Structure formats: structure tokens, C-alpha cells
Amino acid sequence: MITIYECPNSTNEIDHRLATRYLVENKMTSVTIITVAYNSACAIKKLVESLPPGLPMTIVDNGPDDGIRNWAASRGIRVLSEGRNLGFGAACNLGATSAQSEFLFFVNPDAYLDKNTLSELLKAAAQHPEAAAFGPALVDENGIATFKRDSYLLARGLRQPRDPGDEHRIVPVLSGAAMLIRRSAFEKVRGFDPLIFLYFEDDDISIRLASHAGPLLLVPTAMVYHAGGKSSNPSYELSKFKGYHWARSRIYVGRKHGKALPVLSGLLDGVSHLISRHSLYDTDRRKGALGRIKGAFSVLIDSHR
């Protein structure tokens, strides 16, 4: 039976020692931190500092070594690398292979946790044993709490209201920026789809978890700070690279989940971004849009080989 540690009245009073005590006392709700890095040596430090001490953590390094491996090793953090970019989902799967904990917490390297994030997520998991995965509120650079409200894979009527509220509630998708998953549920759906290199892997696993393992729960009282897109050093080529894989992944998951005309939809998505007024004045956005168009055309070329 799981013992719930009663927190102080003010969540501001919760510090790392209390979070660590909660995690130690609830041995059955142990958690492993898993993050995927790509030129993330600078960004990841704030994440590590925000974690309660003593938690097992695995970094899967998808990029060239930028110093992160020695830095992590000096802090007792496990680092895995295949010497190439596996893609996000496959790297997450690799990080999960050695985990023995009941829960897996996947979090982006450019995010960091509030003091009570893990204790709030684990309390929600204890209160809702039927749920397969749990998502915190994501606080952006303006201090606004957000969450994944929609997905290309969902019907329009399932779009969630903007305000995350303050109560636990079932949602159709969770954000891969920060996601706590029961290891048993993760194994039941065989983890992330390794054929999705980048983007939409969280949409895909969310739908499979909800269909085969249990509901997904938003936990707004758990907060993760995440500006988004800061885990790698920005560049025009990186924008084009991301756009390319956005389109390929969008078409792949569209086909997998029965969306209508996924290739045409992918092409139109790229064109609409290219001709938008934002792209006219923003080279970074324009490169990303061109990457989407190139990615969509690459799928057409692949299908005729």
C-alpha cells in the first residue's frame, strides 16, 4: 500500500528535502528521469539542478559530444550514446531499457522542474491507479501555464480549453516535453514508435496509451518550466532540418492513424507556413517552412521508388 506524505499547506514550503523524503518513503513509486540531448550541455544544467538529489537519471546523447558526457559522469549521471542521432522516440526507448523503476519521467533537457513537480505527479498516480500517464502544466517564458491542448491526430471536437485549471482531469494527449509514464504501460504499448524520428511521437504514444493501457491525466499542480525549442543551438539549417522531419513524421502518423490525405495535407501545411506573413519577415520560419515542403516531397519520392 502506498503511503501519501501530507505536504505543508503552502506548496512554496516544499523543498528538495521534502520531495526526496516523499520519493524515499514511497519505494513502490520510484521514478527514473530520462532525457534526450543534442548539443544540450548548457541547457541541461538547470534541469539537473531542479531534480531532487538521488534520483536515477539517464541522458541519451543523440549529438556529437559537446562536453555533456564528462559533465554528467562527474555527477554520477548515466549517459548512453549510439554515436549517431537515433531520433527522439528511439532514444527515449534506449533510455528506458535499463530503468527498473515503476515510473519513467521523460523530460526535455531545456526544461526544469518546480520544487513539488515529482511529488505532485506521484501523488496523482497513487490517487489514480487506473491512469497510464501523467502530464504537468508547462510554464512558458512569460510565466503562463499551458499544456498540450490539441493534436493533428485528434478530431476537432476534442480540442481542450486554454486554461489548465487546478484539478486533475483526463486529456486525449500529453506533451513529450514532460511526461510521467508507468513503466508497465510503457512496455505494454512497446514504448515510442522508433520509426518516428522527430515530432508527433508524443501524439502517437498518447493515443496508444489511452487506447491500450489507461487514461492520460493532466496534473496542473505539477509545473515544469519550458520555453520550447531551446535544447539545441538555433540555426537556419537546424530550422530546415526540423521542418523536414516535422513533415515526414506528420505524414507517417497521419497514415498510421487513418487521417485523410496525409501527404497532400503535409504539402499544404508547408506551403501555408511559407506564404504566411510571419515567414515573409522571419528567415528562421521561412527555412522551417521550406524544410516542411522538402520533407513532404521526400515522402512522395520514397513512395515511388
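I looked up the largest cavity, and about 60 Å³ of space lies in it. I am working on a predicted model, where local features need pLDDT of at least 70, side-chain atom pairs count only at pLDDT 80 or more, and totals for chains, interfaces and linings use all residues. I number residues from 1 along each chain as its sequence is written, and side-chain values use heavy atoms, with hydrogens and water left out.

**Entry: the cavity**

A cavity here is a set of points on a 1 Å grid over the protein atoms alone, where a 1.4 Å probe fits but cannot get out. Points are joined across faces, edges and corners, and the volume is the space filled by probe spheres set on them. I counted one cavity of 30 Å³ or more.

Next I listed its lining, meaning residues with an atom within 4 Å of a point. Among the lining residues of the largest cavity are Gly135, Pro136, Leu138, Phe147 and Lys148. Strand S6 (residues 133–139) gives the largest share, three residues. Strands are DSSP runs of E, at least two residues; helices are runs of H or I, at least four; both are numbered from the N terminus.

I sorted the lining of the largest cavity by class: eight nonpolar, two polar and one charged. Ala, Val, Leu, Ile, Met, Phe, Trp, Tyr, Cys and Pro count as nonpolar, Asp, Glu, Lys and Arg as charged, and the others, Gly among them, as polar.

**Entry: H8 and H11**

Helix H8 (residues 236–256) packs on helix H11 (residues 283–303) at about 40°, with axes 6 Å apart. That makes H8 oblique to H11. Angles under 35 degrees are roughly parallel, over 145 roughly antiparallel, 65 to 115 roughly perpendicular, and the rest oblique. Axes are lines fitted to C-alpha atoms, for helices over the stretch in contact, and angles run from 0 to 180 degrees between N-to-C directions.

Contact means heavy atoms within 4.5 Å. The H8 side includes Tyr236, Trp246 and Arg255, and the H11 side includes Thr283, Gly291 and Asp302. I sorted this contact of H8 with H11 into seven nonpolar, seven polar and eight charged residues.

**Entry: H8 and H9**

I then took H8 with helix H9 (residues 262–274): about 150°, axes 9 Å apart. That makes H8 roughly antiparallel to H9. Their crossing is right-handed. Trp246 and Arg250 are among the H8 residues in contact, and Pro262 and Asp269 among those of H9.

**Entry: H9 and H11**

The axes of H9 and H11 come within 8 Å and cross at roughly 160°. That makes H9 roughly antiparallel to H11. H9 passes H11 in a left-handed crossing. The contact of H9 with H11 has 11 nonpolar, three polar and three charged residues.

Technical notes:
1 Å grid on protein atoms, 1.4 Å probe; cavity = no way out; pocket = protein on both sides within 12 Å on 5 of 7 lines; lining within 4 Å. Left-handed = near helix turned anticlockwise from the far one by under 90°.
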